[in-house]
Amino acid sequence: MAYKFPLALFADPSVISGHAQQLADLLNIPLISDPRGYQVFFNLTPNHLELIAHEENNKKPSSLRVDFTTPGNLRRVKNPHKELLIQAIKIRKKIPATVVDATGGLGRDAFLLAAAGCKVDVFEQNHFIGALLADGLKRAALAPQTARVCNRITLHIQNTVEHIGELCPPPEVVYLDPMFPERDKSAKVKQNLRILRYIEGDQGEDRELFAAVWAIKPRKIVVKRPLKRAPLCEIRPTYTLKGKAVRFDVYIPASFTKDSTPCLNSKC
């Protein structure tokens, strides 16, 4: 993948050097002793991994890390069944046992799905974002209030298109959020969006992703979309649940006849 700025890993002196070097090797970036001169770099402390970005309009550097133990996240997952996403994934009014979040990102929706009781396989093909998500899940697994939810989540830092078919048995529901990351109006999300742009790289084609998901024949495919945007790949969903800013397009592959099954080949 191509990135806008050179990246490196800076480790706090209290971090075990072997652990820091192992992470740098995994991310294929240099381990540095001085972050000066880097506009964007990873900062590894004994407590967390974070991404630091020096932005032109901000005097102070911005930082991003995954933390599922914040009060805001705990409030969100306290009553997950009230969330529209959870309503969208239900099969005959029941929570499915297995769900794949095929576009994991920072893991907020995957965590919500797990809080609702699903066993969740999360795919994130960007190894930089995957490292932040893995760090957040590792810390959340040690916190009493989030450990049980984390036990239901399996992270795959892999290309979804290439590896989703390896899951056995296949999931009941696949969730896609091609609008990643979430675009709500909060300042924190806008900051996260800005910082993530430094490390996003090429996210691949929506049509290829949709085709790979359709091929494993889940009972449902749920796609998150901005409220007024066209359906993913211009394919009309079976039905839609609408919120104030986003909607969830729901596809039930079994309900499509041979003649109505969408063509997801790139030549269509």
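Surface first, keeping in mind that this is a predicted model. Of the 268 residues, 49% count as buried.

Next, the build. I find nine helices and 12 strands in the protein chain. I also checked contacts between residues at least 6 apart in sequence: 65% of them join residues at least 24 apart.

Then the rings. How many aromatic pairs are there? The count comes to seven. I picked out Phe68 and Phe111: their ring centres sit 4.5 Å apart and their planes are at 5 degrees, under the 30 degrees cut-off, so I note this pair as stacked. Phe68 is in the loop between β5 (62-64) and α2 (71-78), while Phe111 belongs to helix α4 (residues 108-115), so the pair ties together parts 43 residues apart in sequence. Buried or exposed, these two? Both Phe68 and Phe111 are buried.

Trp214 comes from helix α9 (residues 206-215) and Tyr251 from strand β12 (residues 246-251), so parts 37 residues apart in sequence are tied together. Trp214 counts as buried at 12% relative accessibility, and Tyr251 counts as buried at 0%.

Last entry: Trp214 and Tyr251 also belong to one aromatic cluster, together with Phe210 and Phe256.

Technical notes
Residues are numbered from 1 along each chain as its sequence is written. This is a predicted model: local features need pLDDT of at least 70, side-chain atom pairs count only at pLDDT 80 or more; totals for chains, interfaces and linings use all residues. Side-chain values use heavy atoms; hydrogens and water are left out. Helices (H or I, at least four residues) and strands (E, at least two) are DSSP runs, numbered from the N terminus. Buried means under 20% relative accessible area, exposed over 50%, partly exposed in between (1.4 Å probe, protein chains only). Contact means heavy atoms within 4.5 Å. Rings of Phe, Tyr and Trp (its six-membered ring) pair if their centres lie within 6.5 Å; planes under 30 degrees apart count as stacked, over 60 as edge-to-face and the rest as tilted.
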